[in-house]
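The paragraphs after it go from the overall layout to single residues.

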Amino acid sequence: MIQLSVTGTAALAGQAFAQAPALAESDPQAVALGYKADSTKVDKAKFPKHEAAQKCNNCALYQAKATDAMGGCPLFAGKQVAGPGWCSAWVKKA
Ligand code: SF4
């Protein structure tokens, strides 16, 4: 009998849960990625390529409508990021 071994890859839920707490800027992962809840507050010296127009709500990874105040992000599972926020993994929405 052939036994198939299925690797238990944790399925990262890519969807936002309404009750998910807001991501804190002090969260270690948030700090690592330079996350700010307000894109205009991003440290220009640290992230010279950042532009104020870059926001979570126009990032390809944002798991909510552009008009939503908060939404999920696969980089911060179980948390919600702010629509006007930003982190260094920002990718332009196609
Ligand atoms: S990856 Fe995109 S949606 Fe996620 S926190 Fe960074 S800028 Fe916001």
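This is a predicted model: local features need pLDDT of at least 70, side-chain atom pairs count only at pLDDT 80 or more; totals for chains, interfaces and linings use all residues.

From the N terminus on, the elements follow the order α-β-β. That amounts to 1 helix and 2 strands in the protein. The helix α1 covers residues 28–32, and the strand β1 covers 70–72. The loop between α1 and β1 holds Ala-66, and Gln-54 also has its place there.

The average pLDDT of the protein is 87, and 81% of the residues score at least 70. Over residues 5–17, however, the pLDDT is below 50; this stretch has 12 contacts in the model beyond near neighbours in sequence.

How is the chain packed? Of the 94 residues of the protein, 26% count as buried. Among contacts between residues at least 6 apart in sequence, 61% join residues at least 24 apart.

The largest nonpolar core has 14 residues, and within it Cys-56, Val-81 and Trp-86 touch the most other members.

Now return to the loop between α1 and β1, where Gln-54 lies. Is Gln-54 buried or partly exposed? A residue needs 20 or more other C-beta atoms within 10 Å to be buried. Gln-54 has 18 of them, so Gln-54 is partly exposed. Leaving out residues up to four places away in sequence, Gln-54 touches Ser-39, Trp-86 and Trp-90. The C-alpha atom of Gln-54 is separated by 9.1 Å from that of Thr-40, and the two residues are 14 residues apart along the chain.

Ala-66 lies in this loop too. Which class does Ala-66 fall into? Residues with 12 or fewer such neighbours are exposed. Ala-66 counts as partly exposed because it has 13 C-beta neighbours inside 10 Å. Apart from neighbours within four places in sequence, Ala-66 is in contact with Asn-57 and Asn-58. Pro-84 is 18 residues away from Ala-66 along the chain, and their C-alpha atoms are separated by 9.6 Å.

Notes: Residues are numbered from 1 along each chain as its sequence is written. A nonpolar core is a set of buried Ala, Val, Leu, Ile, Met, Phe, Trp, Tyr and Cys residues joined through C-beta atoms within 7 Å. pLDDT is the predictor's confidence in each residue, from 0 to 100. Two residues are in contact if their C-beta atoms, placed from the backbone, lie within 7 Å. Helices (H or I, at least four residues) and strands (E, at least two) are DSSP runs, numbered from the N terminus.
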